[in-house]
Amino acid sequence: MEFIADFHIHSKYSRATSRDMDVKHLAEWAKLKGITLMGTGDFTHHLWLEELKNNLEDTGNGLYKYQGVNFILTSEISSIYSKNGKGYRIHNLIFAPSFKAVEKINEALSRRGANLASDGRPIVGIDAAEIARMVFDIDENCMVIPGHIWTPWFSLFGSMSGFDKIEDCFEEQTPKIFALETGLSSDPAMNWRLSALDKFTLISNSDSHSPQKIGRESNVFNCELDYKTIREVLKTKDKSRFLYTIEFFPEEGKYHFDGHRLCETRMSPEETKKNNGKCPKCGKNVTVGVLNRVEKLADRKEGFTPENAIPFKRLIPLDEIIAEAKGVGKASKAVEQDYRAALAKFGTEFEILLRASKEELLKGLPPRIAEGVLRVRQGRVKINAGYDGEYGIISIFGEDDKQPKNEEQLSLF
C-alpha cells in the first residue's frame, strides 16, 4: 500500500513545543494532512512514554495504532561531547521496534548519567558512536539515523559542531548506519553532490513542534505497513518501495544561507568568502549555513543525480499558499476557514498538494488558491533564503499580482 510517513516530531514535553503535541491532536492532524504513519518522538521522556503506552494499541508488527493512525516508536537524542580535543554536538534519531527495546534504551542512557526527565529531546554527554553501539547491542533491529545532518549547530556535518566524514563520527558503527535525514535547509539534490553519501538512504521529516506543521517534510512509501519492512526498505534503498520524499524548498529553511541574525545580514557562500567569514555590519563571524557547508564538502557539481537516487517533490504547506493568495497572515481565521473548506471537498491536504488534477483544483478551489498550488508544483516561486535561525521568505505571487483585486473572489463557497 502507498502511504506517507513523518518519522521525526516532538511531544509537548520538549522545549518550545505546542501543548497540543499529544497523541490525540497528532492523530487528528495526521488525518487532515493525509499521513498514515507518524513517529512518536521523545520516547526517552517518562511522562510521554506513559502516554504512548496508555493510548497506543500494539498491532503486533512493530507499529502501534491510535484511531486509525499508525505510530512508530522514535526519539531524538542530543549528544554534546569532546573527541580528540574538539567539541561536537550531534543529533540522532532512534527508531525502536517495541516498548521493551525503548525501556532498555532509556535504562542504558540513565545508567550513563543522562537526565531523561529534563526534556523530550534529552542532552547527553555521550559520544554518538557509543550511543549507536549501545542501541544496537540492545536490539539490532533498532535504527540510528543522524538528524538534519547539515544544521550548523547540532548535526553530523554541521559547520559549527560536526564532522567532515561520517566514519569519524560513528567509527566502527558506521556500517550499521544506512539512512540520513536531510533537514529542512537541504534537499536530496544538495546531498547528491557528495559521492560519500550515495550508499545512504535520504529521508525527510517535519521535525515539528506543533500539530499543524507535521508532514511539511515527509516520506512516501509503497510497501507493507510494518516496522521490519520499512527498515528493510530504508536499509536496501529500495526505489520500488520508497517512492519519493516531500521537501521544503530548502531556501525556506532557517540555515540555508550564511548570515548574522542580529544585524539582519543574509549572505550567499560567495559573499561570505569575499568578507572572509565576517559580518559586514559588525565584523563578527557569521553563522555558516547549509549551502556553504555542502559546497565545502562536495566532490560533484550542482545538478548531478546518482543512479540509485530516491526522487523528491518540493511543496509548500496549503495554509501558506492560502495566506499568500488572500494577502493575509497564516494564522488568520480566514485562512483556517478556507483550509477546512478545501479539505471538506478534497479529503486531505496532500490530496490537494500532490494528487488532484489541474481541472479538479480549478473546479474545487477559488481560482487564486488553485493557481498558487499549481505554481508551487511547477517550482514557480521566489525565495529570500533563510539564515542564522531565520526562516526564508517565500513568495508565490509576484509584486504585480500580489494583492487580491477582489477579496470576495477568494472566499470558498
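Me: What makes helix 10 largely enclosed by the rest of the structure?

Reply: In this predicted model, where local features need pLDDT of at least 70, side-chain atom pairs count only at pLDDT 80 or more and totals for chains, interfaces and linings use all residues, 8 of the 9 residues of helix 10 are buried, so the helix counts as largely enclosed. A residue is buried under 20% relative accessible area, exposed over 50% and partly exposed in between (1.4 Å probe, protein chains only), and the buried residues of helix 10 are Leu318, Glu320, Ile321, Ile322, Ala323, Glu324, Ala325 and Lys326. Residues are numbered from 1 along each chain as its sequence is written, while side-chain values use heavy atoms, with hydrogens and water left out. Helices (H or I, at least four residues) and strands (E, at least two) are DSSP runs numbered from the N terminus, and just after helix 10, Gly327 takes a positive phi of about 70°.

Me: Why is helix 10 called oblique to helix 11?

Reply: Helix 10 (residues 318–326) and helix 11 (residues 333–346) pack at an angle of about 125°, with their axes 9 Å apart. That angle makes helix 10 oblique to helix 11, as angles under 35 degrees count as roughly parallel, over 145 as roughly antiparallel, 65 to 115 as roughly perpendicular and the rest as oblique. The axes are lines fitted to C-alpha atoms, for helices over the stretch in contact, and the angles run from 0 to 180 degrees between N-to-C directions.

Me: Which residues of helix 10 meet which residues of helix 11?

Reply: From helix 10, Leu318, Asp319, Ile322, Ala323 and Lys326 meet Ala334, Val335, Asp338, Tyr339, Ala342 and Leu343 of helix 11, where contact means heavy atoms within 4.5 Å. The residues of this contact of helix 10 with helix 11 divide into 8 nonpolar, no polar and 3 charged, with Ala, Val, Leu, Ile, Met, Phe, Trp, Tyr, Cys and Pro counted as nonpolar, Asp, Glu, Lys and Arg as charged, and the others, Gly among them, as polar.

Me: Why are helix 10 and helix 14 oblique to each other?

Reply: The axes of helix 10 and helix 14 (residues 367–377) come within 9 Å and cross at roughly 125°, and helix 10 and helix 14 are therefore oblique to each other. Their crossing is right-handed, and in it Leu318, Ile321, Ile322, Glu324 and Ala325 of helix 10 meet Arg368, Ile369, Gly372, Val373 and Val376 of helix 14. By class, the contact of helix 10 with helix 14 has 7 nonpolar, 1 polar and 2 charged residues.

Me: What makes helix 3 and helix 4 oblique to each other?

Reply: Helix 3 and helix 4 (residues 128–138) pack at an angle of about 140°, with their axes 10 Å apart, and they are therefore oblique to each other. Helix 3 passes helix 4 in a right-handed crossing.

Me: Why is the pair of Tyr81 and Tyr88 called tilted?

Reply: A search of the whole structure finds 11 aromatic pairs. In the pair of Tyr81 and Tyr88 the ring centres are 6.0 Å apart and the planes stand at 35°, so the pair is tilted; rings of Phe, Tyr and Trp (its six-membered ring) pair if their centres lie within 6.5 Å, and planes under 30 degrees apart count as stacked, over 60 as edge-to-face and the rest as tilted. Tyr81 is buried at a relative accessible area of 7%, and Tyr88 is buried at 10%. Ring pairs also link Phe3, Phe7, Phe95, Phe221 and Phe242 into a cluster.

Me: How do you know whether Gln67 is buried or exposed?

Reply: Gln67 has a relative accessible area of 51%, and therefore counts as exposed. Gln67 sits in the loop between strand 4 (64–66) and strand 5 (69–83), and has a positive phi of about 45° although it is not a glycine.

Me: How do you know whether Ile4 is buried or exposed?

Reply: Ile4, in strand 1 (residues 2–6), has a relative accessible area of 1%, and therefore counts as buried. Leaving out residues up to four places away in sequence, Ile4 touches several residues, including Gly34, Ile35, Val220 and Phe350.

Conventions:
Left-handed = near helix turned anticlockwise from the far one by under 90°.
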